[in-house]
Amino acid sequence: QVQLVESGGGLVQPGGSLRLSCAASGRIFSINVMGWYRQAPGKERELVAAITDGGSTNYSSSVKGRFAISRDNAKNTVYLQMNSLKPEDTAVYYCNAYRVLTTSGNYDYWGQGTQVTVSS
């Protein structure tokens, strides 16, 4: 059984910073892509940023230049450094692990979500 545990969300003022972390645990051999998605009230879930096991990154145009994704493959952990936060960044942020190789095959997993609120 693989679990993704997120941490680091909270309330921050506009212009502030937060760092999200997501650790994957279980019988994992490798994780192809780890990423962060977000869902604001009344909106669909959208990709924020993703990173491959080789270090290639992809960002939503709305966060490029403000957010930075990184990962520690040895710890199966992905991070999202969020700077210059705006009220429109307010959402529940979900961690995703794509093509997780386990003893029984490749699967995709989601974390439980962590709330990020940007407000004065």
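Modeller: Start with the side chain of Arg71: one of its polar atoms lies 2.8 Å from the backbone oxygen of Ile31. The backbone oxygen of Asn32 is 3.4 Å from a polar atom of that side chain. Bear in mind that this is a predicted model.

Colleague: Where is Arg71 placed, and which side chain of opposite charge is nearest to Arg71?

Modeller: Arg71 sits in strand β7. The nearest side chain of opposite charge is Asp53, at 5.4 Å. A salt bridge needs a nitrogen-to-oxygen distance within 4 Å, and Arg71, although buried, has no salt bridge.

Colleague: How many salt bridges does the structure hold?

Modeller: Three. Take Arg38 and Glu46, whose side chains meet at 2.8 Å, N to O.

Colleague: Are these two residues, Arg38 and Glu46, buried or exposed, or something in between?

Modeller: Burial is read from relative accessible area, and buried means under 20%. Arg38 has 6%, so Arg38 is buried. Glu46 has 34% and is therefore partly exposed.

Colleague: Which salt bridges does Asp89 form?

Modeller: One is with Arg38, where the closest N and O atoms are 3.0 Å apart. That pair links distant parts of the chain: Asp89 is in the loop between β8 and β9, while Arg38 is in strand β4, residues 28–39, and the two are 51 residues apart. Both Asp89 and Arg38 are buried.

Asp89 also forms a salt bridge with Arg66, with 2.8 Å between the closest N and O atoms. Here too distant parts of the chain are linked, since Arg66 belongs to the loop between β6 (57–59) and β7, 23 residues from Asp89. Arg66 is buried, as is Asp89.

Colleague: Which residues are linked in the network of salt bridges?

Modeller: The network consists of Arg38, Glu46, Arg66 and Asp89.

Colleague: Let us turn to the cysteines. What is the general idea of a disulfide?

Modeller: A disulfide is a covalent bond that joins the sulfur atoms of two cysteines. In a model, the sulfur-to-sulfur distance is the thing to check, with a cut-off of 2.5 Å. The count here is one disulfide, formed by Cys22 and Cys95 with their sulfur atoms 2.1 Å apart.

Colleague: Which parts does the pair of Cys22 and Cys95 tie together?

Modeller: Cys22 lies in strand β3, residues 18–25, and Cys95 in strand β9, residues 91–102, so the pair ties together parts 73 residues apart in sequence.

Colleague: Why is the disulfide of Cys22 and Cys95 called left-handed?

Modeller: Handedness follows from the torsion about the S-S bond, which for Cys22 and Cys95 is about -80°, so this disulfide is left-handed.

Colleague: Are the two cysteines, Cys22 and Cys95, buried or exposed?

Modeller: Cys22 is buried because its relative accessible area is 0%. Cys95 counts as buried too, at 0% relative accessibility.

Colleague: Last, the sheet. What is the order of its four strands?

Modeller: Read across the sheet, the order is β1-β3-β8-β7; the sheet is open and the pairing antiparallel. An edge strand pairs on one side only, and here the edge strands are β1 (3–7) and β7 (67–72). From one strand to the next the twist averages 15°.

Colleague: How many bridges join β7 to β8?

Modeller: Six, and the two strands run antiparallel, with β8 covering residues 77–82. Arg71, where we began, is in β7.

Terms used. Residues numbered from 1 in each chain as written. Predicted model: local features only at pLDDT ≥ 70, side-chain atom pairs only at ≥ 80, totals over all residues. Heavy atoms only, no water. Pairing = 2+ DSSP bridges. Axes fitted to C-alpha atoms, helices over the stretch in contact; angles between N-to-C directions. Buried < 20%, exposed > 50% of the residue type's maximum accessible area, 1.4 Å probe, protein only. Lys, Arg positive; Asp, Glu negative; His and termini not counted. Polar contact = N/O pair within 3.5 Å; in protein donor to acceptor, adjacent residues only side chain to side chain.
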